[in-house]
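I am opening my notebook on a new structure today. Come along as I look things up, one entry at a time.

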Amino acid sequence: MHAPGVVEVVDRPAPRLRAPTDAVIRLPATCICGSDLWSWRGLEEVTDPSPMGHEYVGVVEQVGDEVRTVRVGDFVVGSFFASDNTCEICRAGYQSRCVHAYAMGLEGTQAELTRVPMADGTLVATPGQPDAELVPSLLAASDVLGTGWFGAVAAEVGPGKTVAVVGDGAVGLLAVLAARHLGAERIVIFSRHDSRRRLAVELGATDVIAERGDEGVERIKELTGGYGAHSVIEAVGTQEAMMQAIRSTRAGGHVGFVGVCHGVELPGAELFFSGVHLHGGPAPVRRFLPELIKMIWDRTIDPGRVFDLELPLDQAARGYEAMDRRRAIKVLLRP
Ligand SMILES: [Zn+2]
């Protein structure tokens, strides 16, 4: 990306091993994330031309001398943060906040090849080479599925609970899928967009609320006998969405916030008297990868359904535009 709204596909030097713990992988598919739109829209600064993309799957082409758990030829999935998976933070399940965490966006995975640092800690190999139809779902596991899943876990979704999801992008939709899988009794999504609400219902939503902000909060209160939801997943990252999530949650309930916050400020007194639990942040996708890969491999879940537009990588700019205008939920790019 050269500037907001300006994406060009250019030749860059092929990534190479820089540390003995690195791997280099070749990507059969990559994608555009809702969070890439923050800089496309000029809400995050773009000073120099920056490589883009942080979601990836691929076949290992090279490994450094110290890599033990993945081998050349393996098909692997990793998180958008590389992590050592050995420090105390990783072992507690918070790999995205690893003391050595490395943001894969710095490598830019909207590319044919990428370098993955700390390959042993970061990458999880699939049981074999996946069928082509599984690749989009495995790619979704790299971020949007793992992020939606963490949102649901952070919001303490479970059997018998009413769950509300703020945000009908790929993460919100896959939070619906996660909530269903984790046994929620009722799953409400806030959405006013036809194709997204349809997909939400197919993925497990039981109710759709078109209103947003405080009107949306009133509607969820009506649906829950005035209490609010037990668990609310915030998958947008704006002030309005965050307040909508907190106000939609009953006292004692849980908010899982996974939308990257931009300009969000929480009013202390309201937070104090809300009595809700807040937990969120960049999802520790690595924690969930083995389980998510297994469910995709067994065809228990099909998160690849959030990709509704596929383009060759050299048309990436068209993909950004389609997501920005909400003509596409999520764009898959083929290098
Ligand atoms: Zn770590």
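**Entry: the core.** Before looking, I noted what I mean by a nonpolar core: a set of buried Ala, Val, Leu, Ile, Met, Phe, Trp, Tyr and Cys residues joined through C-beta atoms within 7 Å. I also kept in mind that this is a predicted model. Here the largest such core has 105 residues, and the members touching the most others are Ala23, Val163, Val165, Val166, Leu174, Ala175 and Val176.

Setting aside neighbours within four places in sequence, I found Leu174 in contact with Ala140, Val144, Leu145, Gly148, Pro303 and Val306.

**Entry: the domains.** Next I looked up how the chain is divided. Domain 1 covers 23-143 + 284-334, and domain 2 covers 148-280. I read 25 Å between their C-alpha centres. Domain 1 puts 15 residues into the contact, and domain 2 puts in 14 residues. On the domain 1 side, I sorted the touching residues into ten nonpolar, two polar and three charged.

**Entry: helix 11.** This helix runs over residues 285-297, which is 13 residues. From first C-alpha to last it reaches 17 Å, close to the 18 Å expected at 1.5 Å a residue. Where does helix 11 bend? I found the bend at Glu291, by about 35°.

I listed its buried residues too: Val285, Arg286, Arg287, Phe288, Leu289, Leu292, Ile293 and Ile296. Their cover includes strand 4 (75-77), helix 3 (119-122), strand 8 (124-125), helix 4 (135-141) and helix 5 (144-154). After helix 11 comes Arg299, with a positive phi near 60°.

**Entry: positive phi.** That last value made me curious, because most residues other than glycine have a negative phi. I looked up two more cases. Asn85 has a phi near 60°, positive although the residue is not glycine. Asn85 sits in the loop between strand 5 (81-82) and helix 2 (88-91). Arg326 also has a positive phi, near 60°, and its place is the loop between helix 12 (316-324) and strand 16 (330-334).

Are these two buried, partly exposed or exposed? Asn85 is partly exposed, because 19 other C-beta atoms lie within 10 Å. Arg326 counts as exposed, because it has 12 C-beta neighbours inside 10 Å.

**Entry: helix 9.** I asked how many of the ten residues of helix 9 (239-248) are buried. The count is eight, so I noted the helix as mostly covered, a residue being buried when 20 or more other C-beta atoms lie within 10 Å of its own. The buried ones are Ala241, Met242, Met243, Gln244, Ala245, Ile246, Arg247 and Ser248. Among the elements covering them are strand 9 (162-166), helix 8 (213-223), strand 12 (229-234), strand 13 (249-257) and helix 10 (268-274).

**Entry: Thr206.** My last stop was the loop between helix 7 (194-203) and strand 11 (207-209), where I found Thr206. Thr206 is partly exposed, because it has 18 other C-beta atoms within 10 Å. Beyond its neighbours within four places in sequence, Thr206 is in contact with Arg186 and Ile187. I also checked Thr206 against Ala19, 187 residues apart along the chain, and their C-alpha atoms are separated by 49 Å.

How values were computed. Residues are numbered from 1 along each chain as its sequence is written. This is a predicted model: local features need pLDDT of at least 70, side-chain atom pairs count only at pLDDT 80 or more; totals for chains, interfaces and linings use all residues. Two residues are in contact if their C-beta atoms, placed from the backbone, lie within 7 Å. Domain bounds come from an automatic or database domain assignment. Ala, Val, Leu, Ile, Met, Phe, Trp, Tyr, Cys and Pro count as nonpolar, Asp, Glu, Lys and Arg as charged, and the others, Gly among them, as polar. Helices (H or I, at least four residues) and strands (E, at least two) are DSSP runs, numbered from the N terminus. The expected span of a helix is 1.5 Å times one less than its number of residues. The bend at a residue is the angle between axes fitted to the seven residues ending there and the seven starting there.
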